Amino acid sequence: MCVKFRGSHILSVAQFERDDIQRIFRIADRMEPYAQRRRATRVLEGAILGNMFFEASTRTRISFGSAFNLLGGEVRESVGMDSLSLVKGESLQDTARVLSGFSDVICMRHPLAGSVAEFAAASRVPVLNGGDGSNEHPSQALLDLYTIEKEMAGRGRGIDGLRITMVGDLKYGRTVHSLSKLLRLFERVHVVLVSPPELRMPPPLVDELRASGQRVDESENLEASIAHVDIVYSTRIQEERFPDREQADSYRGRLRLNQAIYTQHCEPNTVIMHPLPRDSRAEANELDRDLDQNPNLAIFRQTDNGLLIRMALFALVLDVVDLVDKYAREVPWHTPNRGV
Amino acid sequence: MCVKFRGSHILSVAQFERDDIQRIFRIADRMEPYAQRRRATRVLEGAILGNMFFEASTRTRISFGSAFNLLGGEVRESVGMDSLSLVKGESLQDTARVLSGFSDVICMRHPLAGSVAEFAAASRVPVLNGGDGSNEHPSQALLDLYTIEKEMAGRGRGIDGLRITMVGDLKYGRTVHSLSKLLRLFERVHVVLVSPPELRMPPPLVDELRASGQRVDESENLEASIAHVDIVYSTRIQEERFPDREQADSYRGRLRLNQAIYTQHCEPNTVIMHPLPRDSRAEANELDRDLDQNPNLAIFRQTDNGLLIRMALFALVLDVVDLVDKYAREVPWHTPNRGV
Amino acid sequence: MCVKFRGSHILSVAQFERDDIQRIFRIADRMEPYAQRRRATRVLEGAILGNMFFEASTRTRISFGSAFNLLGGEVRESVGMDSLSLVKGESLQDTARVLSGFSDVICMRHPLAGSVAEFAAASRVPVLNGGDGSNEHPSQALLDLYTIEKEMAGRGRGIDGLRITMVGDLKYGRTVHSLSKLLRLFERVHVVLVSPPELRMPPPLVDELRASGQRVDESENLEASIAHVDIVYSTRIQEERFPDREQADSYRGRLRLNQAIYTQHCEPNTVIMHPLPRDSRAEANELDRDLDQNPNLAIFRQTDNGLLIRMALFALVLDVVDLVDKYAREVPWHTPNRGV
């Protein structure tokens, strides 16, 4: 069997080749019956995830924790920095040596770019990067691409030949950076980047995307840029990454998509994505709530897919992909979200 | 089989008719061997509770979490608002859509009245209200009434014909509001309300209680009001709900019950209840610690009953009431609180 | 069977006689296959640990929680004081009565000396002291002594006849206090105490150590004091226990050990220990990171041993020592730290 990621850290999208991504996606497919509670599995019964969120993130933390629970495992958690030995002068290496003795795998988020890799180097168990500052968030990039693949498959298409428009804060938005890196692995992709001029995607990322053979256009005009694409990927102004919070406020609400604009400008089946949370305050409203009835709004399918991707990553590094079904059992309780 | 609450949200005591309450109480009875660790059950093995406490409450949070563990399930938790996407402008509906994909059932507490119902409307799994501001806290009302039923049963009585005195902050005390709503479903109940005039129970609640046929008296005199009743239900000044904290302080300690007052004024078997925490600071001391040896002090039986009620609610909405025993097994470890 | 600690609180090292310690250590030995994931056990499946950390401590909290998970049990947790009913005037006794109804065993840390014993007196389930201020931290003392026993065994020696130097903040350092108490139970121990004069070990502790027949020397000179000993036990300046934080800073970095000093002064196999976290900031650097390649640096073996000791304590108070193996099963997932 292929053991490429057994016992490995998952730190960056740069670790993946096109074949790896396909393999992860096919494992994610196999997790769906468990995520939808049509079956349960005990394969990780007795295993422990150390869910170390040195920067708070309810959504991502619970997604990783639930993914591990869905495979039968237990979760020990830490949230925030206050309680951390780091404030008593402990090195990240020491923290890693100690905490990695308490669990079988660690998921870690940290506000500092590079810190997760530093931690992983001293860890005795696999570490999954749950986001390190503005650097990487590989499970988010994978779930975004997995969603694109599934949405395109429903239209009889693949990722090759994709036309995608990314909208919003392309400077600080970690998710669009990681997604653009993954898109380099595919063919004939056309990427349109729409942002205020000050929030353009960093030029090196644009250059690399072009160097990989993809077509890239940049624009400040939303309406003109969503007309002939398969995906509109909207993002939030990453106010917490701005040096100046007031400056962030000035960009909020400049690039809004609502149902009227969608109807007037988009092709009929254009998929709308967003990494969430979407800012629904009146002054921002980047994706209007009148889109909620639009069947092409894929934002909640994205978060559901996140659970599948994270289950797949755990199964991969702990090498239980082919054992999940062997430890399967019935679900005796009422499951209202079955089949959703 | 009756499936009335299968997959339902539990948001308000107004959802329950008298028959429903009886049914929940009989399910709670059946949970006792598990809560006392005479047996364990695996019926919810693999199920996930999302325990979302957007307002902190150690006692209630752990009671819900332990109740779910006692049925064999796993718990993912969030405490407080800081880490929440809501602060990035996410709507409560979006939060509900996302979080409800990560669990089989959600318990939620939130400081804002009505927020739990708003959340539930967008959730894909059942939501149990763990308290929304000064609005509702249905599991507390059920455990109070369940305790009353059990204490009365020990005296050969039922809830019909009950004589109960409620004491303290009847204006902001959510628990006495909910309990008075439930008491409307029974017959010949006599309710005496004792509070400072400024902290009287809201008149609409008093009117509804009278309209249901119950007798209601209001008073400011503790001693005269506890003489001929079955239950004295004392409450804490809800300082956190007061617009002005100093004002709250001025009421603290005005209506104190101790053993001497009890002996002089109460009938011999009068039951003493309190939703806890009781304020034992010298300036408050609403229920004196010299009552701790009084066998009629039911305050800790209340909290133990809370575990049974919450197990019953989970079993009900997840439709496993009749499966709990089927998945039962022995408890191999030493259980000191067996039979307590 | 010996049932000495069944259902008992573990509050202080003063509870243990020499035989008890040996018994706990032999139970800890038997936990190793489970901690190293060569096997898993379901013996505590369905049991609940209430992990109540009223003072934050990521490392100790997760060590206790993981130890319980490794035996198959579930963990409910609370961190910090904010959410606690204590702030609403609840007595520690009431808190104990309530919380002890939610779990089978409680681990508690609290900033106030004596508070854990007070809590335990009202608890209906066994309470393990996870540290109460500058008073006691018995599991840490046990893991330190267990580490000493194992390291000495590798040299064909026992604890009797041990030569140990304790270095650093001996005034506020709870771990050296507890360890010195345990050492009284053994024979012919030579203890050298090295600290700034203001941070000397409290004289009563020194007197008791001498009264038990041990030899004790005190010094301010590190180099001279580490020359002829088996163990150098270094500690951190306990800045959080100092009345004045600046005063704490003035002591930081005075007694540093690095590889050059070790090579020049220590016997070849001298073991280096530290309760962790070690302060690795340049101004402190009590144990230099150039010691990390030294095979006698036992600081991470200490923390791994902590997991075994805590598993042993849970098994002891819940009386499942002889059942752990009976409920054993295979580990199907990849375990990279196997055999570490």
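In what order do the four strands of the open sheet in chain C stand? The order is β3-β2-β4-β5, with parallel pairing. Strands here are DSSP E runs of at least two residues, helices are H or I runs of at least four, and both are numbered from the N terminus. Two strands pair if DSSP finds at least two bridges between them.

A word on the model. It is predicted: local features need pLDDT of at least 70, side-chain atom pairs count only at pLDDT 80 or more, and totals for chains, interfaces and linings use all residues. Residues are numbered from 1 along each chain as its sequence is written, with chains lettered from A and ligands numbered from 1 in the order in which they are written.

β3 (74-79) and β5 (127-132) of chain C are the edges. Each has a single partner strand, so one side of each lacks a neighbour in the sheet. Take β2 (48-53) of chain C: six bridges join it to β3(C), and the two run parallel. C:Ile48 has C:Glu74 of β3(C) as its bridge partner.

Now the helix. α2 (58-70) of chain C packs on the sheet and touches β2, β3, β4 (105-110) and β5 of chain C. Contact means C-beta atoms, placed from the backbone, within 7 Å.

Last, chains A and C. Their contact takes 33 residues from chain A and 33 residues from chain C. On the side of chain A, β3 (74-79) and α3 (92-99) each supply at least two residues. The largest share, four residues, comes from α3(A).

Conventions. Two residues are in contact if their C-beta atoms, placed from the backbone, lie within 7 Å. Axes are lines fitted to C-alpha atoms, for helices over the stretch in contact, and angles run from 0 to 180 degrees between N-to-C directions.
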